[in-house]
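Thanks for asking me to look this one over.

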Amino acid sequence: MKQSFLLLTLAIFLFNCKNETKKEIEVITDYKNEKLDVTTSIYPETLTKIFDAHGGIDLWNQMKSLEFTMPKPDGNEVTLTNLKTREALITHPDFKLGHDGSQTWFVNNTDGEYKGYDPKYYYNLMFYFYAMPFVFGDDGINISDAEPLTFEGETYPGIKFTYESGVGETPEDQYIVYYNPETYVMEWLGYTVNFIPNIDTKELHFRKYSKWQNVNGILLPAEMVRYKYKNNLPTEPMGTTEFIDVKLTKQAIPKTTFKAPENATIVE
């Protein structure tokens with residue numbers, strides 16, 4: 001597939017140079033002023049344009065591992081994922097949890113009980129948010145148009161993703177990507193939540209992809225803003241997640257990295 005990299009030409013040259021000792025990550029601030037020219041692909045035209053605006057699904061499919069860090073008040077949380085097989089490892093001062101490809105485990109590093117999200121769902125939760133829109137190139141996903149989102153005078157067209165039965169831990173989840181109508185860069189995500197008790201599983205939650213960074217030719221989030229919501233619309237921001245120390249490579253991580261340590265609790 002031919003790829004169009006109007007946003008990324010200079011960055012690709014820099015990241016493909018042979019000097020691997022130091023790589024600067026370019027934070028994208030003017031992507032909204034670019035327009036996109038896209039050819040054909042095996043995906044629907046709109047999704048192809050969204051993929052290409054972020055570097056292209058072909059380039060993404062060459063990558064085998066992704067790592068990112070989220071700074072938090074109680075310590076940095078580092079997520080490491082093998083992209084092809086989805087083994088995962090999350091490390092934080094208070095806990096460590098992972099998925100080795102067949103089972104999920106966690107280690108509690110605090111004196112009390114583990115109080116975080118259920119590891120069964122959390123091991124790939126932030127990875128999923130972070131690797132958008134490319135995770136929608138996975139098998140078993142249904143694609144359809146969605147009603148546009150209008151917020152603060154701007155209108156964003158939408159494309160909806162649902163799952164075939166038996167795909168993932170919560171196949172009933174729904175996601176809507178809202179994109180810039182000129183550049184096709186992802187602007188918002190609307191999504192339902194089905195793994196947290198006592199929550200409306202049909203109400204849309206919202207995250208705004210407010211800043212992007214170029215990592216080896218792929219446009220990945222630098223900041224993501226979580227919004228309050230009402231009547232399936234965002235209302236006001238309630239917190240920003242920053243992503244630093246991002247590594248996207250063509251080398252897979254050894255499977256032993258994701259193996260449960262001896263003191264781990266296996267999640268049934």
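1. A definition to begin with: a residue counts as buried when its relative accessible area is under 20%, and as exposed when that value is over 50%. Please keep in mind that this is a predicted model. Under that cut-off, five of the five residues of strand β9 (residues 175-179) are buried, so β9 is largely enclosed by the rest of the structure.

2. Now for the overall picture. The protein chain has five helices and 15 strands. Of its 268 residues, 46% count as buried. The accessible surface of the chain comes to about 14,000 Å², and carbon and sulfur atoms account for 47% of it. Among contacts between residues at least 6 apart in sequence, 52% join residues at least 24 apart.

3. Back to β9, with a look at its side chains. In a regular strand, side chains alternate between the two faces of the sheet. Here Tyr 175, Val 177 and Tyr 179 point one way, while Ile 176 and Tyr 178 point the other way, and all are buried.

4. Which strands pair with β9? One is strand β8 (residues 154-163), which pairs with β9 in the antiparallel sense over four bridges. The other is strand β10 (residues 186-191), joined to β9 by five bridges and also antiparallel.

5. Beyond its neighbours within four places in sequence, Tyr 175 is in contact with several residues, including Tyr 128, Phe 129, Met 132, Phe 136, Ile 159 and Leu 189.

6. Helix α2 (residues 45-53) is worth a stop: seven of its nine residues are buried, so α2 is largely enclosed by the rest of the structure. Gly 55 follows α2 and has a positive phi, near 115°.

7. Finally, the charged pairs: the count comes to five salt bridges. In the one between Lys 255 and Glu 87, the closest N and O atoms are 2.4 Å apart. Lys 255 lies in the loop between β14 (244-249) and β15 (265-267) and Glu 87 in the loop between β3 (77-82) and β4 (88-92), so the pair ties together parts that are 168 residues apart in sequence. Lys 255 is exposed, with a relative accessible area of 52%, whereas Glu 87 counts as buried at 2%.

8. Another salt bridge joins Lys 208 and Glu 187, with the closest N and O atoms 3.4 Å apart. Lys 208 lies in strand β11 (residues 205-215) and Glu 187 in strand β10, so this pair ties together parts that are 21 residues apart in sequence. Both Lys 208 and Glu 187 are buried.

Terms used
Residues numbered from 1 in each chain as written. Predicted model: local features only at pLDDT ≥ 70, side-chain atom pairs only at ≥ 80, totals over all residues. Heavy atoms only, no water. Helix = DSSP H or I, 4+ residues; strand = E, 2+ residues; numbered from the N terminus. Buried < 20%, exposed > 50% of the residue type's maximum accessible area, 1.4 Å probe, protein only. Contact = heavy atoms within 4.5 Å. Areas by Shrake-Rupley, 256 points an atom, 1.4 Å probe, with all protein chains shown as cover. Pairing = 2+ DSSP bridges. Salt bridge = Lys/Arg side-chain N within 4 Å of Asp/Glu carboxyl O.
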